[in-house]
Amino acid sequence: MIAFVLAIQIAFLVFYGWLLKQAEFLAEQEFHNKSVIGRSNWISTLLFANNLAGFIHLVSDDTNSLRIYQSSKQAMPAELAGLYSVLKDDSEQQQRIKKSSLLIDRLYSVLEKSEKNSPYLADKTGLKNLTDNTLMPLWTELFDLRHEVLAADFAKYKVNIESLPKARSQRDNSIIILVVINVLAAAGLLYFYTHGLTVRLAILADNAKRFGLKQRLNKPVTGNDEITEVDRAFHSMSESLEIAQQRKQDFLSMISHDMRTPLSNVQASLEFVLEAHQEPLSEQTQEWLQRAYQNVDTVLSLINELLEIERIEVGGLTLVISEARLSDIIRRSADSVRAVAAQNSITIVESKLAAYVRCDEDRLIRVLVNLLGNAIKFSPPGSTVTLDCKKTTQWFEISVQDQGRGIPSELLNTIFERYKQVSPDDARKLGGTGLGLAISKAIVEAHGGLIEVESEIGKGSSFIISLPASSVELA
């Protein structure tokens with residue numbers, strides 16, 4: 001649209017330039033015609049003054065008349081040369097000017113010759129003969145030549161001069177047309193930008209939001225510009241994401257049904273064999289079966305956590321909120337890991353606070369068990385893990401503190417991301433999937449709370465769960 005308006009502007013400028021050129025040409029012709037008329041009239045005036053002064057001098061011998069005669073005679077060649085220059089492009093007109101110059105010279109010659117024979121002009125008869133027989137023919141011929149010069153010049157430029165008002169009218173109309181075109185173009189561009197680009201950009205912005213939220217995009221925008229290309233790229237990415245998501249769902253479905261069920265059966269079989277007392281097992285066989293059982297348990301834990309984090313991401317968490325006694329939550333959480341802590345010679349210290357918490361009790365216990373399990377896993381034998389709680393003005397805080405190796409400061413901001421572990425060897429040496437903290441963070445945030453970590457290398461770590469104070473009621 002801008003290119004169309006620009007093309008119209010250029011076409012108008014070309015047309016307007018042509019009109020200006022025509023107007024300048026007509027103005028030059030008009031100026032030329034006026035110059036010819038003006039110089040011809042001035043030459044006629046000089047000639048009249050010249051002849052009248054010369055004639056008076058012949059009759060009265062007046063000195064002032066002689067001065068006027070001589071002055072006008074001296075000015076005559078320059079005026080004739082000027083008229084000749086104006087008509088330099090017309091050979092016929094130049095011939096008329098030359099002929100007029102010769103006739104004027106003859107007229108001067110007659111007047112100056114008659115001055116020498118002034119006694120001859122003393123009576124009326126002599127004066128009449130001079131006028132009728134000599135001066136009048138010359139004057140008549142000069143008048144006819146002047147008429148021919150003006151008539152020829154007017155006839156030559158009459159058509160152009162007559163078209164000058166029309167050219168001026170075309171110029172004025174062109175300006176009006178340009179103004180109208182500019183107004184319409186401005187209105188069209190305004191409409192295009194407000195109802196075209198603006199609407200399409202709004203759709204594009206909405207598609208960007210929908211893409212981030214993994215929602216279905218709006219219908220593709222129409223056009224052939226960059227906005228259309230960007231929108232097409234959004235739709236292409238959305239389609240690719242849907243395909244990838246579908247493949248991911250198929251993979252998770254396969255894990256859930258085709259892997260977890262057989263592994264659960266294997267785990268149950270191993271557990272049955274290990275707990276059976278009909279036939280005693282050799283120590284080596286029992287060790288192998290125990291190792292197989294642990295490996296199956298690890299794989300099942302990974303599958304369960306993977307499916308859980310996926311459910312959290314897709315549909316969020318559905319919490320079962322109830323009022324739970326805080327001391328029961330802490331006790332149950334500590335009891336779940338007490339045996340593991342005893343195996344590693346680690347003491348768990350619990351704080352007691354008489355309070356009720358509105359929460360999903362099972363999920364909050366799971367978070368605490370996960371944090372306690374990590375604290376035990378990374379604490380040296382003989383150390384202490386503290387499970388503490390306190391209430392502030394805005395938050396109710398539950399913290400799990402250990403005396404382990406600590407977390408590097410550069411990992412504190414990423415420790416709650418999926419599959420993040422302090423050391424790449426932790427999964428191989430200590431077990432774990434790297435999903436526990438991500439799941440814990442999702443559960444705490446679903447309660448409207450926060451989970452943070454404070455740590456110092458060599459002095460241990462402290463994971464702090466902050467729940468809104470409004471959800472806690474002191475007993």
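Visitor: So two strands count as a pair if DSSP finds at least two bridges between them; in which sense do S6 and strand S7 pair here, and over how many bridges?

Guide: In this model, which is a predicted one, S6 and strand S7, the latter covering residues 460-468, pair in the antiparallel sense, and seven bridges join them. Within the region of these strands, Glu456 stands opposite Gly460 of S7.

Visitor: And what sheet are they in, in what order?

Guide: They belong to an open sheet of five strands with mixed pairing, and its order reads S2-S4-S5-S7-S6. Strand S2 (347-350) and strand S6 (450-456) each have a single partner strand and stand at the edges, so one side of each is left without a neighbour in the sheet. On average, and with direction ignored, neighbouring strands of this sheet are turned by 15° against each other.

Visitor: Which strands does helix H11 touch?

Guide: Helix H11, made of residues 436-446, packs on the sheet and touches S6 and S7, while its direction makes about 135° with that of S6.

Visitor: Switching to helices, how do H8 and H9 cross?

Guide: The axes of helix H8 (residues 326-343) and helix H9 (residues 361-377) come within 9 Å and cross at roughly 35°, and the crossing of H8 and H9 is right-handed. Among the residues that make the contact are Ile329, Val337 and Val340 of H8, together with Leu364, Leu368 and Ile376 of H9.

Visitor: What kinds of residues are in that contact?

Guide: The residues of the contact of H8 with H9 divide into 11 nonpolar, three polar and three charged.

Visitor: Okay, and which residues have the most contacts inside the largest nonpolar core?

Guide: That core has 44 residues, and those with the most contacts inside it are Leu371, Ile398, Val400 and Ile465. H9 gives the most to this core, with eight residues. As background, in soluble globular proteins nonpolar side chains tend to be buried together.

Visitor: What does Ile398 touch?

Guide: Leaving aside residues up to four places away in sequence, Ile398 touches several residues, including Leu326, Leu368, Phe463 and Ile465.

Visitor: Which residues does the second core include?

Guide: The second core, which is separate and has 24 residues, includes Ile43, Leu83, Ile97 and Leu111.

Terms used
Residues are numbered from 1 along each chain as its sequence is written. This is a predicted model: local features need pLDDT of at least 70, side-chain atom pairs count only at pLDDT 80 or more; totals for chains, interfaces and linings use all residues. Side-chain values use heavy atoms; hydrogens and water are left out. Two strands pair if DSSP finds at least two bridges between them. Helices (H or I, at least four residues) and strands (E, at least two) are DSSP runs, numbered from the N terminus. Axes are lines fitted to C-alpha atoms, for helices over the stretch in contact, and angles run from 0 to 180 degrees between N-to-C directions. Contact means heavy atoms within 4.5 Å. A crossing is left-handed if the near helix is turned anticlockwise from the far one by less than a right angle, and right-handed if clockwise. Ala, Val, Leu, Ile, Met, Phe, Trp, Tyr, Cys and Pro count as nonpolar, Asp, Glu, Lys and Arg as charged, and the others, Gly among them, as polar. A nonpolar core is a set of buried Ala, Val, Leu, Ile, Met, Phe, Trp, Tyr and Cys residues joined through side-chain atoms within 4.5 Å. Buried means under 20% relative accessible area, exposed over 50%, partly exposed in between (1.4 Å probe, protein chains only).
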